[in-house]
Amino acid sequence: MQKIGVFVCWCGSNIAATVDVAEVVQAVKTQPGVAFATDYQYMCSEAGQSIIKNAIKEHDLTGIVVCSCSPRMHEATFRKTAQAAGLNPYMVEIANIREHCSWIHKDKNEATQKAIILANAAVAKVNLNAPLVQGESSVTKRALVIGGGIAGIQTALDIAEAGYEVDIVEKEPTIGGKMAQLDKTFPTLDCSACILTPKMVDVAANENITLYTYSEVEQVKGFVGNFSVTIKKKARYVKEDLCTGCGECMSKCPSKKGKDEFNCGLNNRTAINIPFAQAIPNVAYIDAEQCIKFKTGKCGLCEKTCSANAIDYNQKDEIIEREYGAIVMATGYEPIKLDKFDEYQYSKHPDVITSLELERIMNAAGPTGGTLLKMSDKEHPHSVTFIQCVGSRDISGRGKPYCSKICCMYTAKHAMLIRDKYPDVEVNVFYIDVRTPGKNFDEFYRRAVEEYGVNYIKGQVGKVYEKDGHLVVQAVDLIANKQLVLDTDMVVLATAIEPSKTARDLASMLTASIDTNDFITEAHPKLRPVESPTAGIFLSGVCQGPKDIPETVSQAGAAAAKVIGLLAKDKLLTNPCVAHSDELLCNGCSQCEKVCPYGAISYIDKEVNDHGVRETRRVAQVNEALCQGCGACTVTCPSGAMDLKGFTNRQIMAEVDAICK
Amino acid sequence: MVHKSLEQACLIMDRSGVDTRKCMMCGKCSATCPAFDEMDYHPHQFVKMVTEGDIESLLSSKSLWKCLSCFACVERCPRGVEPANVVEALRVTLLRRQGENYITADDIPGLLDDKLPQQAIVSAFRKYKK
Ligand SMILES: Cc1cc2nc3c(=O)[nH]c(=O)nc-3n(C[C@H](O)[C@H](O)[C@H](O)COP(=O)(O)OP(=O)(O)OC[C@H]3O[C@@H](n4cnc5c(N)ncnc54)[C@H](O)[C@@H]3O)c2cc1C
Ligand code: SF4
Ligand code: SF4
């Protein structure tokens, strides 16, 4: 028989205001196995933990139940407490009477009865708990960063700086991400390329960093410390080691109809291409869909032109297998498609553009050489209208329910830059709210209004249409309570952003959780913001939620610190709550092997002694280092042979019985 | 916020199936509305007035009969508020009131116009005298 101690926490008033903790203490005392019960204001505090430790020693407790907050919050804390008092940490159970009880109920009597039931269930379970011992696993001292935007770049540089190897997988032909496309950056207005490209060069020069561009992650196996990843490096048809990035091929290539992705499709590019002058690696690639050689077998001009003999039309995709200890998601974002917003004429009129397109138009290396021109006739505009929140804060199904966070600031930036360079241009900004929290951010926005004379109008634009060769904006000024009809030459849409389309598939490969908007979920929104709930997976940049560059870089550094902390360890303690199979019950059906997401189950032929009958049987065997304790096999096993240590079928049934009593 | 009549507000929300509290005051409805200039209260305002329970002002407003029911606001509201359905609920509320000065059959001949469709004449019975 166990000797169980029950510790009921008030959590200040969080629990005690809704649950009568003294009544819970009295009630659990009658449960079989309970030798001691008490309550305290803050069980997780130093004093609370002492109460637990002393009780364990004084009453020779063999197991404890803490009735408190979610085990996600403090299970680890109380396991340590128990261990310090000489108890096996797996003899601890948490009854969650906060999130599952006090926070969601109003009636004190009902909540108290529920808390008692939850406590009884935990006691029933501890009665069947057995001490478990953690195993050890090794750590591969190399990290993988998926995505080479500013987030991925900063994380990789910080990890490499600490002396660990790190690989970056980037799906595009160059690293740099969206920041490489920006012109100037708020709040300081320094040129984006000037602060980004030196970092890109550092990546290329760093001996600890290996870059896989034009590459994608195909498969991920394993677990924290021991991931095994398959990377597909797509054929560039240009040999990376030979290409010097001189760009001669681009000047000769006769196929000039590909949309220049780097310039948001505002102009065309050649089939053989280097996205921009400072690309890393500075190596060309051939877009096979546009290439005449691939389409007709004729041409081959680039091969003839290339003095470095770098062109290789026969290059094949390459598959690379690598081992990693940690993986960082840094897959960033895309602006949303605007096909559901036809009231703005975006797809119909060339002078209605997105903010990212404006960045390219304002950029010296962009399609207009940095001069603000209307794309329709390449003439100077006399008025520009900005519309904020296009597709953000939208629950109608057309857009995204969240605030994209960066648009207020970049719109103020755009408005200010235009007024600074072209004081003759009238600039109107339609907004719902101007949200500028951040250091020097509100000051920045006010400068746009006060120093640069940008007109901010509270209200939305109903529609944009063309009349007599110019654009007309029909909008509302909510403060004047007037409908406005304004002529304008250009309309710029501050378009909502969404996570990369690849995020969802990657997350399922990594068994990382993802929210309804496809942002990767952090382990705890406040206390563990750069970790995924899946051990060994970390988050950096906009893939976790909308962010500007300063925030992205801070998070990237934080993710790197967490990775370094992991790679610095020689051994990791493994979770002892793993599956094991009873070989006398196992019928060798292979069902469990099929469902195991970690490949932890194999079959061996083993001699068993079944009640005196000795025979060789094919039975399941669990590799404890690989098993993550997900339990999929235990529910699949038709003969009840598979069980999960710490969560045995008997334990779960005992809990259910206690609840249903 | 002054709750003139929360009960009335709930009634309108109920009848229209619209939760006006979802409105974030962006003004998209009023920016879109083709009848804006003829209204005394504009679409975003009547949404807010329902939330505040100021139903009486709306019931006697011009806007109620100026809304074209074109549903442009319903189509474009980013919060799914459906302002035109609020208008419709307000109209219905007014029409359902008992003992008011509805047009009577005797009034009709005087108002007849040979261009009026039959349907309009019938529906005139449900309307008030101006
Ligand atoms: C118009 C506009 C103006 C802006 N102006 C400013 C400004 O002035 N100041 C400021 O601070 N912020 C600004 N921002 C915000 C800024 O762009 C972001 O904060 C920043 O780019 C985020 O970096 P990131 O690395 O998280 O994402 P990204 O820049 O999107 O990088 C993600 C990278 O991952 C790659 N990737 C995606 N999926 C995969 C995959 N499956 N496998 C491999 N690689 C993958 C992508 O190709 C990309 O290279 C602006 C944004 C916009 C839209
Ligand atoms: S469009 Fe919708 S959210 Fe915006 S003011 Fe009108 S009702 Fe409110
Ligand atoms: S339905 Fe009525 S309120 Fe809405 S836009 Fe049309 S006329 Fe205006």
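The sections below treat the basis of the values, the cysteines and the interface.

## Basis

This is a predicted model, in which local features need pLDDT of at least 70, side-chain atom pairs count only at pLDDT 80 or more, and totals for chains, interfaces and linings use all residues. Residues are numbered from 1 along each chain as its sequence is written, chains are lettered from A and ligands numbered from 1 in the order in which they are written, and side-chain values use heavy atoms, without hydrogens and water.

## Cysteines

Over all chains there is 1 disulfide, a term for two cysteine sulfur atoms within 2.5 Å. A:Cys191 and A:Cys194 form this bond, with an S to S distance of 2.2 Å. The disulfide is right-handed because its S-S torsion is about 95°.

A:Cys191 is partly exposed at 26% relative accessibility, whereas A:Cys194 is exposed at 52% (buried is under 20% relative accessible area, exposed over 50%, partly exposed in between, with a 1.4 Å probe and protein chains only). A:Cys592 is buried at 7%, and its sulfur lies 6.2 Å from the closest cysteine sulfur, that of A:Cys589, too far for a bond.

## Interface

The contact (heavy atoms within 4.5 Å) involves 21 residues of chain B and 22 residues of chain A. Between these chains there are 2 salt bridges, each a Lys or Arg side-chain nitrogen within 4 Å of an Asp or Glu carboxyl oxygen. B:Lys28 and A:Glu343 are joined by a salt bridge, at 2.8 Å from N to O.
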